[in-house]
Amino acid sequence: MKPDTEIFGRLRAGEAHLRLIATSDLHGNLLGYDYLSDCPAPGAGLAALAPVMARLRTGPGATLLFDNGDILQGTPLAETGTQAEGPMPVAEALRALGYDAATLGNHDFDFGLAAARRFAAEAAAPVVLGNVAGADGTPFLPPFAVLEREIADGAGARHPLRVGVLGLTTPGVARWNAHHFGADLQVEDMAAAARRRIPELRAAGAEVVIVLAHAGIDPEATALEAENAALAVAEVEGIDALVAGHTHLAFPGRDHAAAPGVDPAAGRLHGVPAAMPGAGGRSLGVIELALARDRGRWRATGGHGRLAHAGGDAGAAPLLNRLAPAQAATVARIRRPAGRSRVALHTHFAALGRAPAVQAVAEAQRLWLAEAVQGTTWESLPVVSAAAPFRAGGLAGPGHFTDIPPGPLLTRHLNELYPFPNELRALVVTGTDLRRWLARAAALFGSVAPGARDAPLLAAGARGYMLDMIAGVTAEIDLAAPPEDPARLRRVVRDGQEVAPDARFLLATNSHRLGAGEAPAEAVVPLPRRVANRETLDALAARGPLDPDPTPAYAFAPMPGATAVLATTPAARRHLDAITSFAPEDMGTDGDGFLRLRLHL
């Protein structure tokens, strides 16, 4: 840990050092435990960050600790208490580590408005949110807080310091969690809210203003209500430091190249010291601010952002002890028997439309919906079901795949198959609608020229969780056609027949897909009661052993002589018999640890 003399030069009387520490996108990773595998996972989470926080707090000047949202959802431990009254381990963790303030991310609303409010009440530190309000303008939570602290200057004299903290969440939450928000809440553009709130903060006495913005850093995010608008927020006058998040990327670092307004070398956005800590508790965002005292008030005169990476959990005993009872109860819960599976449930070949883990989810939704509409206007419609892989590599790395062996299923296995608290939705769709739905998945594949050798199967940046599969339906994709070409999706086949454009179906999906604008709201079919998608999976497992339909969700138009490369997990080597039609060749692992498979198209 560098002394002030190395960070800012020697500080004198009337000069001070303020260090800001931030977590973001922890997604419930409190104790460094893998609840899906039921084993410790040291090196990440709050337990691994706690000793780093303690070291950073021993420096001169003053230190403040913040969380930037998306902390409630992600692990069975963190989600304890979100569905019913009772202690919330996440709030306990924030109290144990002495957080100074926090804001909410989009996933912190996944469990409803009451759970979000209860977390804010239990966290002890102010939880602030400046761009979510009711139709009458009443803020959902306090928009900002002014923290009264003390700070020592370079001569050792102590002075009062008033730090203003504003919280902002990404506007997309109103769509993704529309079933919770309804018409009661509205979300304001982040930069617009900052322009409105910063003068209020200054008027309330804030000498230094910190913005906790649950948004990524995207130079192209210039539209009103853009999702990753951290850069636009940084342009607002009066901000002294900014914490970003949401995208699970890190800043400064190799995740963000230099661009107009983006300075990864200095850790600044439009000149504002900034940091984005990544996800899962693998690092902390650290912002070093230089302050000068002028006419009895402090002002920020410069600074920069950096990252501090997690270590072991030595020194995290207070947090571990405080959460021990909740952890013991959680582990007992995830070990409960939940059923059986006749086949391995994995997502290793999701990009090939062969993912038993996804097909099991789709089948669970389909069966539940088919029974729910018996005796209704819609019972005569064929029921189809859309699902996508939740764990399929990508930025999370080669270990981020589902791989459940055949045999007994425990509660933790079902948690892995469906980790989000989404709700089931039913839509009336046509064959044309199905084509439109599947075209989004088809666009995620790279373009493969006739005769090409070892072309990437997926386009750069393709997100696995968008690879929707519709149970019992096969989308035939022409990889030679550009992703935006409607002709890329050649045929949509069900029961051996091409689906007619005017055919009508009942489609099972989830509230997040619907909220993201995947289908018109007027097509929604009312269900007899609210049901979580995970509940449909529990019901399927209770019926008997899982044995999902092996019909591939995708087929590729033949391209003799052409090969494509799929990046997957090394564990896929055990399941290559599932893709023999591609004559897969093992090309070894790449620098990130992904297995590269050559596929013959």
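Q: Why are helix H10 and helix H14 called roughly perpendicular to each other?
A: In this predicted model, the axes of H10 (residues 356–372) and H14 (residues 533–543) cross at roughly 90°. Angles of 65 to 115 degrees count as roughly perpendicular, and the two helices are therefore described in that way. Their axes come within 8 Å.

Q: What makes the contact of H10 with H14?
A: On the side of H10, the contact is made by Ala360, Val361, Glu363, Ala364, Gln365, Leu367, Trp368 and Glu371. H14 contributes Asn533, Thr536, Leu537, Leu540 and Arg543. By class, these residues divide into seven nonpolar, three polar and three charged.

Q: Which residues touch the most other members of the largest nonpolar core?
A: They are Leu352, Phe445, Leu457, Leu479, Tyr554 and Phe556, in a core of 66 residues. Membership requires a buried residue of a listed nonpolar type, joined to the set through side-chain atoms within 4.5 Å. H10 supplies the largest share of this core, six residues.

Q: Why is helix H3 described as largely enclosed by the rest of the structure?
A: A residue is buried when its relative accessible area is under 20%. Seven of the nine residues of H3 (residues 89–97) are buried, so the description applies. The buried residues are Pro89, Val90, Ala91, Glu92, Ala93, Leu94 and Leu97.

Q: How do you know that the radius of gyration of the chain agrees with that of a compact globule?
A: For 601 residues, the globule rule gives a value near 25 Å, and the chain has 25 Å, so the two agree. The C-alpha trace spans about 80 × 55 × 45 Å along its principal axes.

Q: How many residues of the chain count as buried, as a percentage?
A: Of the 601 residues, 56% count as buried. The chain holds 14 helices and 34 strands. Among contacts between residues at least 6 apart in sequence, 75% join residues at least 24 apart.

Key:
Residues numbered from 1 in each chain as written. Predicted model: local features only at pLDDT ≥ 70, side-chain atom pairs only at ≥ 80, totals over all residues. Heavy atoms only, no water. Buried < 20%, exposed > 50% of the residue type's maximum accessible area, 1.4 Å probe, protein only. Helix = DSSP H or I, 4+ residues; strand = E, 2+ residues; numbered from the N terminus. Axes fitted to C-alpha atoms, helices over the stretch in contact; angles between N-to-C directions. Parallel < 35°, antiparallel > 145°, perpendicular 65-115°, else oblique. Contact = heavy atoms within 4.5 Å. Nonpolar A, V, L, I, M, F, W, Y, C, P; charged D, E, K, R; others polar. Rg over C-alpha atoms; globule rule 2.2 N^0.38 Å.
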